[in-house]
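Hello,

Here is the structure we talked about handing over. Please have it open while you read the notes below.

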Amino acid sequence: MLITAGPTHEPIDAVRFLGNRSSGRLGVHLADAAAAYGWEVTLLLGPVALRATHKGVRTIAFRTCADLQALLAEHASKADVIVMAAAVADYRPKVDPNFFGGKFRRKNEPLTLTLEPTPDLIAGVSATRRPGQTIIGFALEPRDELHASAKAKLERKGLDMVVGNPLETMDSDEIEAFVLHKDGTIVHSPGAEQGRRMPKSKFVDWLITTVEPAITSIAAGKGK
């Protein structure tokens, strides 16, 4: 199992970057839980303080979208299951970090920063997948847009499953979520339909046991 987790930091200069609030908690907990269930796990982890604790998890650090793209090119084809839980920046500064001479100085005038789109990493992984691989994505959206967004993401990017969770669970120790399968089946985490959350450390056990039958089916060439 290959898991991506955490944010990306896209450099503006030598000390500043564009980033997001992703804590990496869910991906790290998932890596530990998957290893405990017997999976051989590689965790591609962004710039966060958390670390996997299970000895069966191999962790490789990344910082930028480009870093993660290179690691996926190296490791994705070897994995039976790819879980794309990282919060990759959609845009990055269109500037060489050395353009400002290392660090730009504050001036009492506006500064315009041009952004460019980053590559769609999960779509790239899906496009080059081999038979029998399972690819699981995540959708983090406002609650009233979540189901539609998860469905659109699953179809647009050719995924097997999407884990949808509302925006307010970001950077939280708790989560409420659902798993959307490509056949349209939706499985909610315990209590989620009533708006109840569960600790991410417990949610990952539920997630593994929920998706494993579909993973086995896909590996056998039967789909879901």
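**Strands, a helix and one threonine**

In strand S9, isoleucine 136 is the bridge partner of valine 83. This is a predicted model, in which local features need pLDDT of at least 70 and side-chain atom pairs count only at pLDDT 80 or more, while totals for chains, interfaces and linings use all residues. Residues are numbered from 1 along each chain as its sequence is written, and side-chain values use heavy atoms, with hydrogens and water left out.

S6 and S9 (residues 134-141) pair in the parallel sense over 4 bridges; two strands pair if DSSP finds at least two bridges between them. Strands (E, at least two residues) and helices (H or I, at least four) are DSSP runs, numbered from the N terminus. S6 also runs parallel to S1, joined by 3 bridges, and leucine 2 stands opposite isoleucine 82 in S6.

Which way do the residues of S6 (residues 81-84) point? Val81 and Val83 point one way, Ile82 and Met84 the other, and all are buried (under 20% relative accessible area, 1.4 Å probe, protein chains only).

The buried residues of helix H2 (residues 65-75) are Cys65, Leu68, Leu71, Leu72 and His75. They lie on the same side of H2 because they cover an arc of only 125 degrees around the axis, taken from the directions from the helix axis to the C-beta atoms.

Threonine 8, in the loop between S1 (2-5) and strand S2 (10-11), is buried, with a relative accessible area of 0%. Threonine 8 touches residues including Phe62, Cys65 and Ala89 (contact means heavy atoms within 4.5 Å).

Regards

Definitions and conventions
Buried < 20%, exposed > 50% of the residue type's maximum accessible area, 1.4 Å probe, protein only. Lists of a residue's contacts leave out its neighbours within four places in sequence.
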